[in-house]
Amino acid sequence: MKKIWLILLCTWQFIAFGQSNVQANWQQDVSYNIQVTLDDENHILNGQIDIGYTNNSPQTLNEVWIHLWPNAYKNNLTAFAKQQLENNSTSFYFAKPKARGYIDSLDFTVDAQSLKLTYHPEHVDLAKLTLNTPLKSGESIVISSPFRVKVPGSFSRMGHVRNSYQITQWFPKPAVYDVNGWNTMPYLDQGEFYSEFGSFNVSITVPQNYVVAATGVLQDSSEMDWLNDRITYYKGRGKREEDETASSALLKTLHFKQDKIHDFAWFADKEFFVFESKQTLSDSSATINTYLYSTNEYDKSAIQYVNQGVKFYSDKVGNYPYASASAVIGPLKAGGGMEYPMITVLASTDKTTIVHEVGHNWFYGIIGTNERNFPWMDESINTYYENRHSKSTKDVSDVFKPNYNSKYAAQDRFADGLSIVYANSLTRNTDQAIDLHSKDYTSSNYGGIIYGKGAYIFSLLQQFLGDSLFDSAMQNFYEEWKFKTSFTR
Ligand SMILES: [Zn+2]
């Protein structure tokens, strides 16, 4: 996620977990089969989910905790709603019922036997499933449920603006079970996530004239042909018309598949322009298909930043392991951008934001740390690489960006917003370490320290070790930890 820290000031409220440095040589395995249909008249998703869950832990599990993220938008008592109010954002607090969101129609079963669902006493976006038969170490079950999601208006990461849909944190999802037990957390706008790795097989049914951008690889050749026609058709067409096209009465079902990922997001809009490109990795081992989706044709040149991000992080950290990388320019209401595996949504075509969000494929997507407990492990490291990329491709838009290696670094360093926020904490004697839990930071320190100071410390480490040793250390880190949750070796 990329925050605009001089504008966004916030307060943090989190559930705290016991911390442990113990690591395990196991992690749970989750495989999702999801069928979902978009009702774009009522802004509702009707779905069915089958969650294959393998207990690789040494313990027997009597329960499985499930995140029901859409319930964050249900009422003014959720952790999300309270945090919005504390951050002086009243738009959700005063939102009309039809603009709110929720998930319902749940009926969890294993082997056609219903499971008892107990909501968390405080957080309606979190529930405990009591298993009828304890799940022993090494055993697998399939947990199934229908679900219905009312898509809220655009207040955070999931939402819609008219018929432009941003479908994220949308399906029932098991919390991570690791050496610390169940990692349960309510949805927050300012506070990120922790997820189990697994496979996704998702079928999305929408009216035929929607363009769908999603995590994973599209399996339908007829849809690829349709998109290719659209890519050709839109060349030189100009900006979209103001009035939205009516939805087709005919539906289409699209299939997306992907292994070794820990989340799935999709975006649907009838007015998307689709731009495509390719980026070959430096060692020629793969060519990545890159896509940019936007309702404004003039955004198309921003696809070069997706390519730059894929190439830069592949060169410096490790090769991008998936077939495609996409960016969606959409009506995001959670900072400047938000990352999901293989796809990112952005509020603008700003180069550094796109490179930052694409970079989260490495530090969030491939190395799946607990972002809420250890925010530096995604944001500090990722912002360090974003800054390094920015410095390596300095152009007119970067004039006001810091140059950490400059002889005049001290003054350069304070030229950007994050550094100003960090300098402010220094002068007020409110500096903090970079390795604290998200909840331990004030909102301005979260920006100034996690993004600003944390990234700067990594640049000092780079200078201290030298590029070659620093890069090889990070490449080893990537190889050792890719596709693992943060407590797993
Ligand atoms: Zn970020």
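The buried residues of helix H10 are Phe-470, Asp-471, Met-474, Tyr-478 and Trp-481, where buried denotes under 20% relative accessible area, exposed over 50% and partly exposed the range in between, with a 1.4 Å probe and protein chains only. They share the same side of H10 because they cover an arc of only 110 degrees around the axis, the arc being that of the directions from the helix axis to the C-beta atoms. On the other side of H10, Ser-468 and Asn-476 are exposed.

This is a predicted model, in which local features need pLDDT of at least 70 and side-chain atom pairs count only at pLDDT 80 or more, while totals for chains, interfaces and linings use all residues. Residues are numbered from 1 along each chain as its sequence is written, and side-chain values use heavy atoms, with hydrogens and water left out.

H10 comprises residues 467-481 and reaches 21 Å from its first C-alpha to its last, close to the 21 Å expected at 1.5 Å a residue; the expected span is 1.5 Å times one less than the number of residues. Helices (H or I, at least four residues) and strands (E, at least two) are DSSP runs numbered from the N terminus. The cover over the buried residues of H10 includes helix H3 (303-316), helix H6 (379-392) and helix H9 (443-465). Phe-483, which follows H10, has a positive phi, near 60 degrees.

The structure holds 39 aromatic pairs, counted when ring centres of Phe, Tyr and Trp (its six-membered ring) lie within 6.5 Å; planes under 30 degrees apart are stacked, over 60 edge-to-face and the rest tilted. Two of these pairs are tabulated below.

| Pair | Centre distance | Plane angle | Class |
|---|---|---|---|
| Trp-69 and Phe-193 | 5.2 Å | 75 degrees | edge-to-face |
| Tyr-73 and Tyr-187 | 5.7 Å | 45 degrees | tilted |

Tyr-73 lies in the loop between S3 and H1 and Tyr-187 in the loop between S14 and S15, so this pair ties together parts 114 residues apart in sequence. Trp-69 and Phe-193, in turn, are 124 residues apart. Trp-69 is buried at a relative accessible area of 4%, and Phe-193 is buried at 5%.

An open sheet of four strands has the order S7-S8-S3-S12, with antiparallel pairing; strands pair if DSSP finds at least two bridges between them. Strand S7 (116-119) and strand S12 (173-174) stand at the edges, each with a single partner strand, so one side of each has no neighbour in the sheet. Four bridges join S7 to strand S8 (residues 126-135), and Thr-118 stands opposite Lys-128 in S8.

Key
Contact = heavy atoms within 4.5 Å.
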